[in-house]
Amino acid sequence: MIKLGIIGTNWITQQFVDAAHATKKYQLTAVYSRTTEKAKQFGEKNGATGFFDNLTDFFKSETIDTFYIASPNSLHFEQAKQGIENDKNVIVEKPIVSNIKQMEILRQTLEEHPQARLFEAARQVHQPNFKVIKGQIAMLDRIQGATLTYMKYSSRYDAVLAGETPNVFTLNFAGGALQDLGVYVAYDAVGWFGMPDDVAYYPTLTSTRVDGKGVAILRYPEFDVTLNIGKTSNSYLDSEIYGLKDTIVMDNPAELGNVSIRDEAGKETVIGTKPADNPMISEAEDFARVINDPQNELNDRDYWTWLDLSQNVNKLLYNLRQSGKIVFPDDAQ
Ligand SMILES: NC(=O)c1ccc[n+]([C@@H]2O[C@H](COP(=O)([O-])OP(=O)(O)OC[C@H]3O[C@@H](n4cnc5c(N)ncnc54)[C@H](OP(=O)(O)O)[C@@H]3O)[C@@H](O)[C@H]2O)c1
């Protein structure tokens, strides 16, 4: 049984703990929170017995072998590094880092601590429909491009409009649309088409100076991919990948709920399957497979493929951010 310790006590952590427990391969043993009271409040209802408000003690605890980190974005790097340095496995919520330099340091730290495994919780990559779409793209006559749209109004934008600065809408916490919903479409693009040759990002800034929404253009040798992302309005557009006469259509590029292909006549054939109610179960299963048997050839290959993909996606996010002239305080370090 994987002994799980968590950072972050928000709803996303609850969803991951539920997914982890559903696989029957993890047991939540410990919770870190800025207050022990909150750690207890979250942990006791989920079966944990260790409660920490000191990160050093938490990372050294023998009661944990795998950490799940769902803190604000700018804290991911230091916390992940600390976990690896203690020879533990670390699952980090997306985006795993705030800039590419941090990713290089994490890779170096992994080399120094070969027992540790590092995962970015990019949940849709582990869902069956992600692979179905990749397979379908390989069968297209010729890729003509794609438009991927993920815009969902954030309840926290209400707070911005009221003059507050919630973490996800601040530069200090490496927030903004690109670093949030943009991560999903960046994973789609790199996972399905590889790294683009050139990129541009046109952000619409909020009063807190992060990108509330934006349009990214990724240039590949023979086609372009357009990403529409935003946290300050809702879009109900489908996302599409274009072949010559066939078009792959998905209702949402992160949830990958309904996936179909339309032929020249517009006839629709469903190619996807219905995802599990908890979208984090597939990733929890995949990570457990690697953690429980890291030497297995297939597990080892998958692990490095995910890590390389994560590095490339974060490189793309960084390049887009440079193009949009969005600078985080961490970039200077
Ligand atoms: N995969 C997904 O579907 C998904 C969905 C949502 C979010 N996420 C990711 O999960 C991460 C957390 O997102 P969130 O919206 O839950 O963030 P958040 O509410 O801003 O913070 C998450 C947790 O970090 C702690 N925290 C809050 N403010 C802090 C501060 N100033 N300093 C130190 N710790 C602080 C809090 O835990 P304590 O009060 O217990 O210390 C809180 O529960 C992000 O990286 C986000 O991208 C992923």
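Analyst: A nitrogen atom of the ligand is 3.0 Å from an N or O atom in the side chain of Glu 93. That is a polar contact (a pair of N or O atoms within 3.5 Å). The model is predicted: local features need pLDDT of at least 70, side-chain atom pairs count only at pLDDT 80 or more, and totals for chains, interfaces and linings use all residues. Residues are numbered from 1 along each chain as its sequence is written, and side-chain values use heavy atoms, with hydrogens and water left out.

Arg 156 places a polar side-chain atom 2.7 Å from a ligand oxygen. For His 76 the distance to a ligand oxygen is 3.1 Å. The protein buries 83% of the 890 Å² that the ligand exposes when taken alone (Shrake-Rupley method, 1.4 Å probe).

The shell holds 21 residues, each with a heavy atom within 4 Å of the ligand. Thr 9, Ser 33, Lys 38, Asn 73 and Arg 156 are the closest. By type, the shell has seven nonpolar, eight polar and six charged residues; Gly counts as polar.

Now the domains. Domain 1 covers 2–119 + 280–307, and domain 2 covers 125–279 + 316–332. These bounds come from an automatic or database domain assignment. Both domains give residues to the shell, so the ligand lies between them. Their C-alpha centres are 25 Å apart. At the contact, 22 residues of domain 1 meet 20 of domain 2 (heavy atoms within 4.5 Å).

How values were computed
A polar contact is a pair of N or O atoms within 3.5 Å; within protein, one must be able to donate a hydrogen and the other to accept it, and residues adjacent in sequence count only if both atoms are side-chain atoms.
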